[in-house]
Amino acid sequence: MALGTTSFVLSSNLLAHRCTDGQLAECRLSREPLRSCRGRWIASVECRCSVAEVGSTKDEVGMTLSRRQVSLVGLCGHAASSLGWLIAEPSFAKDVAVGAYLPPVPSLEGFVQFTATTKDTPALRAGNVQPYKFVLPSTWKQARVANILSGNYCQPKCAEPWVEVKFEDDKQGSAQVFASPLVRLTNKPNAKIEEIGTPEKLISSLGQFVTGNSYDPDEVVDIHVEKRNDQTYYVYTLETPYARTGTHNLAAATAQGNAVILFVVSANDSQWASSEGVLKTVLESFQA
């Protein structure tokens, strides 16, 4: 957002809470006057959740910015209210089953093929991640990924892992792709996953993204190494009773260019009991 040649930045710690489904987070500078604080100009931000347009192919931002303080650079002398509404751009999602738009897998009845392209994520557009693919049950839907989690704000030089895509089904579980900058794990450019370290070392660094909160090595019940089309994958099975993602988690990781790609399939007890085989098929199909 700019006023003439003057610009300002909303700090990312404002993105703290989620709007409900079908809503967008909208924010604008309030009419309160600017004030100085330690040499920086401060203004209040007013935010609201608004209903997204019916039929929109964009995901709502998934966050609401409650009234907070935001630093402004170089805005002294300008009326804050003249800047108008700031719209937090949403990430892409479709509120229809993937079977409606993804191609079926001939050898797997009831499954469709998802192949990520530059249209799908900021990291693919920035060239930080190469295309990856996996199969999904045709009834699943693409889930919403908030911009602050998608890495949209930090590409092409993100320092922390981000969420690429996520799909889910209330009855069967969820699948999501994380990408971690290679420099977070090793100093060697374009390192293969074997050069980063052992499977145990890798999961100790990325386990929190599998569970959604904390990682406990005692919750890992199986680790093995697979070759898929000459690419090495570390594959994990975790029983995670306290995980935010679910009590059962499957994961596969591989190194690809400037990133390590982590594919996570999650389920609660009920979902696992009815769909264990489906979830394992999803995990085993992952290729980067």
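Residues are numbered from 1 along each chain as its sequence is written, and side-chain values use heavy atoms, with hydrogens and water left out. Because the model is predicted, local features need pLDDT of at least 70 and side-chain atom pairs count only at pLDDT 80 or more, while totals for chains, interfaces and linings use all residues.

Student: What pLDDT does the chain average?
Tutor: The pLDDT is the predictor's confidence in each residue, from 0 to 100. It stays under 50 over residues 1-26, and it is below 50 over residues 34-45 as well. Where pLDDT is low, the predicted coordinates should not be read in detail. With 67% of the residues scoring at least 70, the chain averages 77.

Student: How many residues does the largest nonpolar core have?
Tutor: A nonpolar core is a set of buried Ala, Val, Leu, Ile, Met, Phe, Trp, Tyr and Cys residues joined through side-chain atoms within 4.5 Å. Among those with the most contacts inside the largest one are Phe 114, Val 129, Phe 134 and Phe 286, and its largest share, five residues, comes from strand E16 (residues 259-267). A second, separate core, which includes Leu 185 and Tyr 234, has 23 residues, whereas the largest has 37.

Student: Is Val 129 buried or exposed?
Tutor: Val 129 is found in the loop between helix H1 (122-126) and strand E9 (133-137), helices (H or I, at least four residues) and strands (E, at least two) being DSSP runs numbered from the N terminus. Setting aside residues up to four places away in sequence, it touches, among others, Trp 162, Ala 179 and Ile 261, a contact meaning heavy atoms within 4.5 Å. Buried means under 20% relative accessible area, exposed over 50%, and partly exposed in between (1.4 Å probe, protein chains only). Because its relative accessibility is 2%, Val 129 counts as buried.

Student: Where does helix H5 bend by about 85°?
Tutor: Helix H5 covers residues 269-284, and its buried residues include Gln 271, Trp 272, Ser 275 and Leu 279. The bend at a residue is the angle between axes fitted to the seven residues ending there and the seven starting there.

Student: Which residue caps the N-terminal end of H5?
Tutor: The cap involves a side-chain oxygen that lies 3.2 Å from the backbone nitrogen of Ser 270. The residue that supplies this oxygen is Asn 268.

Note on methods:
A polar contact is a pair of N or O atoms within 3.5 Å; within protein, one must be able to donate a hydrogen and the other to accept it, and residues adjacent in sequence count only if both atoms are side-chain atoms.
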